[in-house]
Amino acid sequence: MRALSIAATGMVAQQTNVEVIANNLANMNTTGYKAQRAAFQDLLYQNVQAAGAQSSDTGTLLASGIQLGAGVRTAAVYRMTTAGALTSTSNTYDMAISGTGYFRVQLPDGTDGYTRDGNFQLSAEGQLVTQQGYTVQPGITIPTSATSVTVSTTGLVQVTLPSQTATQTVGQLELTRFPNEAGLKAQGDNLYTETSSSGGPQAGVPGSTGYGTIQQEFLEASNVDAVSEITSLIAAQRAYEMNSKVITTADTMLQETAKLGS
Amino acid sequence: MDNASLLNLSYQLAAFRSIDVIANNVANVSTPGYKRESVRFEEVLEHVKPAEDQKGSQTLSFVKDAGILRDLSDGRIEQTGAPFDLAINGSGYFAIQTSAGERYTRNGHFTLNADGLVVTEDGDPVLGDGGPITIAPDDGDISFGADGTISGKQGQLGKMRLVDFANPRELQKQGNSLYSTSQNAGPATTASLQQGMLESSNVQPIVEISRMIEVMRSYEATTTLEKSSSELKRTAIQKLGTVQ
């Protein structure tokens, strides 16, 4: 009886669904977090009787065939790359990306990581770093004596030094985009790394064609929609229950069969 | 085995198959574009010679599964917000290029690959009017029109190939939400595309669960019948075998 194993694939799929939703809800207030969704596909079919096969010598055809399914599988857990709301923080080194692109940071192992979490700070040397202390690339050093720091929408970082009227440019922020940003691999700590599915990074100046702009003193909130997550959670729970009901029914039928001989 | 047992067996096998098909429907309640299936049974009549003291011919009625019917009605359209999630309203299919040839699907959850091609979750390219569809990063936000027109910042990029068939029930399921067929694919005339949406499975939980209970109860009835027929035989053997 395959109903048992089919229902089991359904329960596993719904469990994955609940786990994905739980992670989204847990990260509702994570800066730059992108909601994830589980994508399902049906499993292979066993062909018992093909539709369109001849049913007599005179050429009449079977109108419908018999194909038995084997259940469901989780094809992917994909990220929704829609933008989150930009929230004002009044913090000089908070930067949000409005539109396409990622900040590039150098990971401790020397490789590049990418993030949309622009909650930056200064290191002891005055370098712009992430919360984990990873340097934002290309490196930008803010002089300790700077009285004010301005980041333009095009990523130009300018400082005002004491006893100077003109502002001084200390660096230019870059944004990186990918042919398929949904293919980036999440590393935790709001960081992503490049994969063969995301395609190679393409660096550009903020505000140029195809790149977003930078909003200083703003952070990008997560794009998780609590209401839709909760409704999906209820739907997933009900689907899980239904699959377990199928198992109970199949079990009852098998018990009936076992009792036949007694 | 006697006829009563054989008749019961034919129904029990049919009930098992029904439950398998219902289980597959329930398991795929969250699969986008999934179409629910139901088993169609037919009666198989067998004429047997009448018993010695009876007149006329006796007919035994067996049950046999004739086929599995796919319910082609549209599923609910659910909003996801992902730019490459597309739902088809009305009759029609997306054309997918796979290594085994052209396949068709109603599961419109697509994504881009590293080369900027629009692909399914398995990496197979989705076909437009002129073959696979490539989106360049400079195209910005992509929008899909109701007729399948794809446009970006720099104008029209192509058109989705939406197809339809003379007999959509004949399409064979291949798993991974794909269908194959030997029929010629014609352009879909009644289909319209919606972006940021997915067509959910058209499985109705209440229908499946009540159908399942129905099958289980009639299965129980056949086993009761089987038990009493076996009881009948046992009593007959005991009574007839007793030396008076």
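Residues are numbered from 1 along each chain as its sequence is written, while chains are lettered from A and ligands numbered from 1 in the order in which they are written. Because the model is predicted, local features need pLDDT of at least 70 and side-chain atom pairs count only at pLDDT 80 or more, whereas totals for chains, interfaces and linings use all residues.

Chain B contains two helices and 19 strands, where helices (H or I, at least four residues) and strands (E, at least two) are DSSP runs numbered from the N terminus. The radius of gyration of chain B is 26 Å, well over the 18 Å that the globule rule gives for 244 residues, so chain B is more spread out than a compact globule; the radius is taken over C-alpha atoms, and the rule is 2.2 Å times the number of residues to the power 0.38. Taken along the principal axes, the box filled by the C-alpha atoms of chain B is roughly 100 × 30 × 30 Å.

The domain assignment of chain B gives domain 1 (3–71 + 209–241) and domain 2 (77–199), with bounds that come from an automatic or database domain assignment. The centres of these two domains of chain B, taken over C-alpha atoms, are separated by 42 Å. Four residues of domain 1 of chain B are in contact with nine residues of domain 2 of chain B, contact meaning that the C-beta atoms of two residues, placed from the backbone, lie within 7 Å. On the domain 1 side of this contact in chain B there are one nonpolar, two polar and one charged residue; here Ala, Val, Leu, Ile, Met, Phe, Trp, Tyr, Cys and Pro count as nonpolar, Asp, Glu, Lys and Arg as charged, and the others, Gly among them, as polar.

Chain A is divided into domain 1 (3–80 + 224–260) and domain 2 (86–220), and 42 Å separate the centres of these domains of chain A over C-alpha atoms. Five residues of domain 1 of chain A are in contact with eight residues of domain 2 of chain A, and the domain 1 side is made up of one nonpolar, three polar and one charged residues.

Between the chains, 49 residues of chain B are in contact with 59 residues of chain A. Helix H1 (3–27), strand S2 (58–70), strand S7 (110–112), strand S15 (172–175) and helix H2 (205–241) of chain B each supply at least two residues of the side that touches chain A. The largest share of that side, nine residues, comes from H2(B). By class, the side of chain B that touches chain A has 19 nonpolar, 18 polar and 12 charged residues.

Two helix pairs take part in the contact between the chains. The axes of helix H1 (residues 3–26) of chain A and H1(B) come within 8 Å and cross at roughly 5°, which makes H1(A) roughly parallel to H1(B). Axes are lines fitted to C-alpha atoms, for helices over the stretch in contact, and angles run from 0 to 180 degrees between N-to-C directions; angles under 35 degrees count as roughly parallel, over 145 as roughly antiparallel, 65 to 115 as roughly perpendicular and the rest as oblique. Among the residues that meet here are Ile6(A) and Gly10(A) in H1(A), and Ile19(B) and Ala23(B) in H1(B). This contact of H1(A) with H1(B) has seven nonpolar, three polar and one charged residues.

The axes of helix H2 (residues 226–260) of chain A and H2(B) come within 10 Å and cross at roughly 5°, which makes H2(A) roughly parallel to H2(B). The contact includes Met242(A), Lys245(A) and Glu256(A) of H2(A), with Met212(B), Tyr219(B) and Glu226(B) among the residues of H2(B). Its residues divide into nine nonpolar, three polar and six charged.

Turning to the sheets, chain A has an open sheet of three strands in the order S12-S13-S14, with antiparallel pairing; two strands pair if DSSP finds at least two bridges between them. Strand S12 (148–151) and strand S14 (168–172) of chain A stand at the edges, each with a single partner strand, so one side of each is left without a neighbour in the sheet. In chain B, an open antiparallel sheet of three strands has the order S11-S12-S13, and a hairpin joins S12(B) to S13(B) through two residues.
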